[in-house]
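We'll walk along a helix, then turn to some aromatic rings and a metal site.

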Amino acid sequence: MTCLQCTPTVPPVLTAYITHSDCARHEMGAGHPECPERLSAIQDHLLIKGLLDYLMPYDAPLATLEQLGRAHARGYIDELIDSAPVDGYRHVDPDTNMNCHTVQAALRAAGAAVLATDLVLSGQTPTAFCCVRPPGHHAERGAAMGFCFFNNVAVGIRHALNVHGLQRVALIDFDVHHGNGSADILREDQRVLMCSIFESGIYPFTGEADNGPNMVNVGLPSRSGSEAFRAAVTDKWLPALDAFAPQLIYVSAGFDGHREDDMGNLGLVEADYTWVTRQIMAVARKHCRGRVVSCLEGGYVLSPLARSVAAHVAVLMGAD
Ligand SMILES: [Zn+2]
């Protein structure tokens with residue numbers, strides 16, 4: 001018989017959940033798929049699934065110019081901030097617009113990755129999920145594109161490397177689109193291993209030629225489905241990650257490869273996001289005490305987005 005008073009209480013392992021209301025004030029026009037409702041759909045579903053009670057909520061801070069400058073050219077940062085419209089929209093590319101709240105939202109999104117890094121590396125939590133927008137993985141060192149302004153994961157990664165002094169950080173990107181911005185920023189940085197899987201032949205039409213010494217970019221044909229996705233993870237990512245032995249893992253968590261999301265056509269389902277997150281966590285437990293920082297990227301049909309994020313977060317927090 002166990003005496004409850006004598007039983008040492010083990011605090012539950014909580015995942016940090018970092019977001020900010022400013023992230024919902026950036027919008028790019030009626031009907032734009034990268035819409036503020038993405039965040040509320042995710043949060044509502046996490047609540048319904050009973051997961052939100054087990055997440056540690058944090059407000060995303062504003063990234064500083066110094067933090068942004070580790071991933072972006074200073075001239076680009078200044079130009080973006082200075083060009084924010086007072087009202088209406090400024091068109092950055094055919095799909096990417098700024099409103100008067102965009103800069104604040106983008107600073108919060110990048111700041112979330114910095115805070116997540118600090119929380120995980122200080123031991124306050126092993127895992128963190130940044131539920132933020134705008135997304136980041138298409139943003140290059142000197143260019144906004146593809147709904148992205150600052151490359152949130154790259155800002156977080158450089159914070160881990162340059163401020164916390166880590167020597168090996170992995171970036172895993174399972175968005176249906178290639179993370180051209182992350183590759184642009186991190187390609188020459190041998191402290192980083194980038195592993196991505198994306199659909200070939202769709203926006204941004206890059207990635208196939210990015211297999212440098214620190215890049216494992218795998219393009220899959222349209223309609224590849226779960227089996228090919230899992231085989232690519234097993235055959236391409238996992239051996240590279242094991243050999244690299246990362247001290248921290250970042251995830252560019254895009255869910256637009258879901259079969260109900262019309263942005264791509266990979267044909268993935270929630271079970272694939274559960275499975276891939278389990279693989280990531282297994283690498284993290286083996287090499288870096290389970291430390292994972294995940295940042296939301298794509299995913300545009302609200303219901304599958306919310307369900308897929310819940311599947312991903314449940315594994316991050318050890319509930320699945
Ligand atoms: Zn995407």
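## Ground rules and a helix

Helices (H or I, at least four residues) and strands (E, at least two) are DSSP runs, numbered from the N terminus, and the expected span of a helix is 1.5 Å times one less than its number of residues. This is a predicted model, where local features need pLDDT of at least 70, side-chain atom pairs count only at pLDDT 80 or more, and totals for chains, interfaces and linings use all residues. Residues are numbered from 1 along each chain as its sequence is written, and side-chain values use heavy atoms, with hydrogens and water left out.

Helix α7 runs over residues 225–244, and its 20 residues reach 28 Å from first C-alpha to last, close to the 28 Å expected. There's a bend of about 35 degrees at Trp 237, with Pro 239 following within four residues; the bend is the angle between axes fitted to the seven residues ending there and the seven starting there.

Buried here means under 20% relative accessible area, with exposed over 50% and partly exposed in between (1.4 Å probe, protein chains only). The buried residues of α7 include Phe 229, Val 233, Trp 237 and Leu 241. Going by contacts (heavy atoms within 4.5 Å), the buried residues of α7 pack against β6, β7, β8 and α8.

## Aromatic pairs

Rings of Phe, Tyr and Trp (its six-membered ring) pair if their centres lie within 6.5 Å; planes under 30 degrees apart are stacked, over 60 edge-to-face, the rest tilted. The whole structure has 5 such pairs. Tyr 76 and Phe 150 are edge-to-face, because their centres sit 6.4 Å apart with planes at 80 degrees. Tyr 76 is in helix α3 and Phe 150 in the loop between β5 and α5, 74 residues apart.

Phe 174 and Phe 255 also pair up: centres 5.6 Å apart and planes at 65 degrees, so edge-to-face. Both Phe 174 and Phe 255 are buried, and together with Tyr 273 they form one aromatic cluster.

Donors are N, O and S atoms within 2.8 Å of the metal (3.2 Å for Na, K and Ca), and sites may look incomplete as water is not among the atoms. For the zinc ion, the protein donors come from Asp 175 (two OD entries), His 177 (ND1) and Asp 256 (OD), 2.0 to 2.8 Å away. Asp 175 lies in the loop between β6 and α6 and Asp 256 in the loop between β9 and α8, 81 residues apart. Asp 175 and Asp 256 are both buried.
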